[in-house]
Amino acid sequence: MYKYINSFLHLYIWFELRHRHNAAHFLASKPIIVMASKEHVCHNYVFLKPEEASFIELIRLLFSSDVEKRSFINCSGDEGRERRKFERRWVIFVSIVVQWMFLFFRTPMARTGDTVNKLLNLVATNGGLFALFKMWLTGKVAEADSLSTRSVLGNLDRRVELDDNIKPGNTRYEGALSMMAAKMSYENQVLIKTIVTGHWKMKFIEFYNFWNGYQRRDSTQAFLFQDKTSDPNLIVVAFRGTDPFDADAWRTDFDISWCEFAGLGKTHSGFMKALGMQPNRSWPLEQETQQVNAAEQHPHQFAYYKIRQILMDLMQENKNAKFILTGHSLGGALAVLFAAVLAMHDYEEKYAWLMGRLEGVYTFGQPRVGDENFGGFMREKLKNYGVKYMRYVYSNDMVPRIPYDDKTLLFKHFGPSLYFSSCYKGKVLEEEPNKNYFNVFWFIPKCLNALWELIRSFILPLIRGAEYKESWFMRMLRVVGLVIPGLAAHAPQDYVNITRLGSLPSLAHVQERIPLVNNSKVD
């Protein structure tokens, strides 16, 4: 009997390969998947596939409650019934349309980003706009090399040095180091290595591009380095955030797909995919999916599994070392979710041991990543392992206020917000003011605050010194911020400033291993 069944299966597979043009193309385009154990598989989920949505299907979504019939929505049965409500169908509609826009403008955005970046680096390398013009007239324009080339965000704030006034042992130190690492994560590998080893006098470990099994591309970047000046030694893992001209990264931000794992709660699936969730919607204890890079003939690297293995090796070599996770924007979301998945795997002794070596999670301008149940899971795990969770939020930054915290989207922050005003005055709050960005009553106050930030950019260097002088590009962004308040507030400039100038002379009671929230000022 088994012989006949086996023959039938071979015949069926042969037919499928023929149907897909040829076997080589089929095998190259599909991962070989070994199913994970049930406890790691997401059984309750909503996945959106904008590339499969047509205009007619989108219109039908608005006027028909048969969500399960829409080819671009992949959801579990229970969630299909929930998504029939118009409010949720409307949110799906908006998310798909926005992702459509990024798909359509993917190539123009990339080309624009390259052009803008080259121009910014030419201006910086040649000493300014007027100097560049003079060089051009004489035919002596200097080209930027790997060491002088900065990312778009790097050109907003070109500072690379650590603050000499903040030394290891200072309660500000880990936050200030984390923010500089998060900022450097946007740069190229050559520049990062030079800054870490030459300027910071620390050990550069490696820079990585990680595979996203859903977007079928390398979409996640991170680097690791070791700070041997602190006691104990610190291993820092810094995840890159959203590149302003990376359409796929923006798609990840606006993708409201989510997945729920038993005990963990609901999480933003776009961020989970970027971290390395396997294509069968699973987080197996060990990576079970084998995906081969057709061009280089080696297995693809997924962020969570690769970084976890590196940390295991480093911690065994350095018995007294600790590690911290950090990131700005999307990078902050990845840092939190890395800790979450590691905590989910802590029933394995070696990963419980690694979780115990986690010193802290430092995020800057981090979006919401999960629901209330996820928050409860994280509060318990971080408290049990004595892990600090420091979520920095600057003023009207729009990103920490999305996705919406409401009954439709279900996303919520957990833990306190280290909230800083535009005067860099810090408070520990349960939630930042105006928790959902799009509020008409806050528009005028936000515009006035953006005007003050533009004025402050001229005043601050006179008071604090030349290192706080803003680039012309950053000031241009602040002008744009007068129309779109909260946009300039998300840039690294102010987050670096709050870790250095913010009114937090003592973080001891905040850092005490996951916190009870209070509304008192930190001083």
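## Two helices side by side

The axes of helix H5 (residues 86-104) and helix H11 (residues 247-254) come within 9 Å of each other and cross at roughly 175 degrees. That makes H5 roughly antiparallel to H11 (over 145 degrees, on a scale from 0 to 180 between N-to-C directions). Helices here are DSSP runs of H or I with at least four residues, and strands are E runs of at least two.

This is a predicted model, where local features need pLDDT of at least 70 and side-chain atom pairs 80 or more, while totals for chains, interfaces and linings use all residues. Residues are numbered from 1 along each chain, and side-chain values use heavy atoms, leaving out hydrogens and water.

On the H5 side, Ser95, Val98, Gln99, Phe102 and Leu103 meet Ala247, Trp250, Arg251 and Phe254 of H11 (heavy atoms within 4.5 Å). By class, that contact has six nonpolar, two polar and one charged residue.

## A look at the cavities

The whole structure has four cavities of 30 Å³ or more (on a 1 Å grid, a cavity is where a 1.4 Å probe fits but cannot get out).

## Ala262 on its loop

Ala262 sits in the loop between strand S6 (258-261) and strand S7 (265-268). With a relative accessible area of 67%, Ala262 is exposed (over 50%). Ala262 and His40 are 222 residues apart in sequence, yet 7.7 Å apart in space, C-alpha to C-alpha.

How values were computed: Parallel < 35°, antiparallel > 145°, perpendicular 65-115°, else oblique. Nonpolar A, V, L, I, M, F, W, Y, C, P; charged D, E, K, R; others polar. 1 Å grid on protein atoms, 1.4 Å probe; cavity = no way out; pocket = protein on both sides within 12 Å on 5 of 7 lines; lining within 4 Å. Points joined across faces, edges and corners; volume = space filled by probe spheres on them. Buried < 20%, exposed > 50% of the residue type's maximum accessible area, 1.4 Å probe, protein only.
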